[in-house]
Each structure stands twice: as structure tokens, then as C-alpha cells.
Amino acid sequence: MFRTVETGYCLAIFLEQWDAPPGRYFLSYTARHGFSALIGNGVVDEYRTISAPLLVCPTALLGKIYDAGMLLADRRDVDAPLDLGWPPLCMGIDVEPPSRQLRLAANWQEQFLAVLTGQTPGVVNNWNITTDSSRAGSYRIQVIRCGGPGPRKRVTIIGTDAPLLPGQLTRMADRDDSGLTLAVASGNRIARSGADHPQEIAVVSEEILEQLTEGVASLLA
């Protein structure tokens, strides 16, 4: 369900192509254990949506990766609308990248964007990333875990193609105990519409939501 790209010092998680037409997806997150290495969450806090890739990197590089993510959004629209990749949601994990990666090349941002946009191949990260997936009825579930050891130093990203609302995504995120847990659903894509065209938002039943949350719990066990 997710498309992931590694650069050697960052994991980028996409729900669609980086230059997709205007649109947003519902997202919810829960921080625990004093986790604070998060940048770009203002739009999520206010609108409970995301249009940018999710970026996970060593905490030491968090600000630099955020700035590069802003440049990626600029390539879509310099006016920075919130349905065209602004702002990037960046998460830091307590891993030590090799010293040569901390001393990034002068043109590292151009190299970084070239990987994210598919112009050049990526480089596998040297820190722990695990991916698991399953199904709950007709819907897919995917879980990506980064960092560790132990839940306090871990970031977990939960994805599903079910049409879920933010409150339902929070219930899925609450099945985890990581320092930061994100839950995002691709079942509703919120696209621009005219003033006389209301948005149509789908939602699953309570029964299906329970199946999804149990599926997430099984993957996290």
C-alpha cells in the first residue's frame, strides 16, 4: 500500500506519486513517552489531513530533512497549498547515521530530491526498518516500524486503504505503544471541488473498524 524510498539517511513514505494532483488524506497521530522529534504537524493538528510524503530520519538531521521536504513541495506549487505537499511531516528517530552522512555534500538537497522524484536510485538505510501487512475483509493494512530498540525510541506508521475518519484512525494508532504512532487512510482522497459541490466522504461501519483495529494489533504483536 505504501511506496517507500530510502536515501541512506531518510525513509520517505508515499501514498501516491510525489507530484499527484491536488488532494489530501486523513491522518492521525499519537505521541507517547515524551516523544517530540516531529516537524510539520501543524496542518495535521488543525485539519487532520496530509498531502506530503512522510519522512523519517535521524533526529540529528530532522531540520535539514524538513527544509528539503519544503523544496519538494515548492516543485509542486510555490504558493504552498496544503493539498500539494505542504508541509512535509518529518519524524526523528534516535539512530546515529554514519559520520559521512552527517557531513552532507554541498548539493545534497538536489540529490535528495532526485531520489524522491525517481530520477536517481536510492540507498538503503543503515537502521532498522520492518514492514508487515495483512488484510481485514476486503481492506489492506500495512505497518512500518523504524528505530528502537524498545517502543520509546520507535516510530510506527499504520496505513490502510479503508475509508476511515480521523477519530477512527486514532483508535487504530492507540493499539500501539511506540514513541510516535501515525495512522493514515487512503480510502478517502479529499480533492478540490467547486463551491456548489459538497465533498463526499465514505466511512466504514463499527464492525469493520473493529476488524481493522484487531488486524493492526495482530501485526504489532
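Glu206 is partly exposed at 48% relative accessibility, where partly exposed lies between buried (under 20% relative accessible area) and exposed (over 50%), computed with a 1.4 Å probe on protein chains only. The structure is a predicted model, in which local features need pLDDT of at least 70, side-chain atom pairs count only at pLDDT 80 or more, and totals for chains, interfaces and linings use all residues. Residues are numbered from 1 along each chain as its sequence is written, and side-chain values use heavy atoms, with hydrogens and water left out.

The side chains of Glu206 and Arg171 form a salt bridge, with an N to O distance of 2.6 Å; a salt bridge is a side-chain nitrogen of Lys or Arg within 4 Å of a carboxyl oxygen of Asp or Glu. Arg171 belongs to helix H5 and Glu206 to helix H6, so this pair ties together parts 35 residues apart in sequence. Helices (H or I, at least four residues) and strands (E, at least two) are DSSP runs, numbered from the N terminus. Arg171 is partly exposed as well, at 33% relative accessibility.

## Further salt bridges

By this rule, the count is six salt bridges. Side chains of opposite charge can pair when their charged atoms come close. Glu214 is partly exposed, with a relative accessible area of 37%, and Arg175 is partly exposed, with 36%.

Arg145 and Asp176 also meet in a salt bridge (3.3 Å, N to O). This pair links strand S9, which holds Arg145, to the loop between H5 and S11, which holds Asp176, across 31 residues. Arg145 is buried at a relative accessible area of 18%, and Asp176 is buried at 7%.

## Helix H6

The buried residues of H6 are Leu209, Leu212, Thr213, Gly215, Val216, Leu219 and Leu220. Viewed down the helix axis, they fall within an arc of 155°, so they line one face of H6; the arc is taken from the directions from the axis to the C-beta atoms. On the other side of H6, Glu207 and Ser218 are exposed. The buried residues of H6 pack against strands S8 (129-136), S9 (139-147) and S10 (154-160) and against helix H5 (166-173), contact being heavy atoms within 4.5 Å.

## Nonpolar surface patch

Leu165, Ile201 and Val203 form a nonpolar patch on the surface, with about 220 Å² of accessible area together. Ile201 is located in the loop between strand S11 (180-190) and H6, and is partly exposed at 37% relative accessibility.

Patches are made of residues with over 30% relative accessible area and no salt bridge, with like charges joined within 9 Å and nonpolar side chains (Val, Leu, Ile, Met, Phe, Trp, Tyr) within 5 Å. Accessible areas come from the Shrake-Rupley method with a 1.4 Å probe, and for residues only the protein chains shown count as cover.

## Helix H4

In helix H4 (residues 108-116), the buried residues are Trp108, Phe112, Leu113, Ala114, Val115 and Leu116. These residues pack against strand S1 (3-6), strand S2 (11-14) and helix H2 (62-76). H4 is followed by Gly118, which has a positive phi near 80°.
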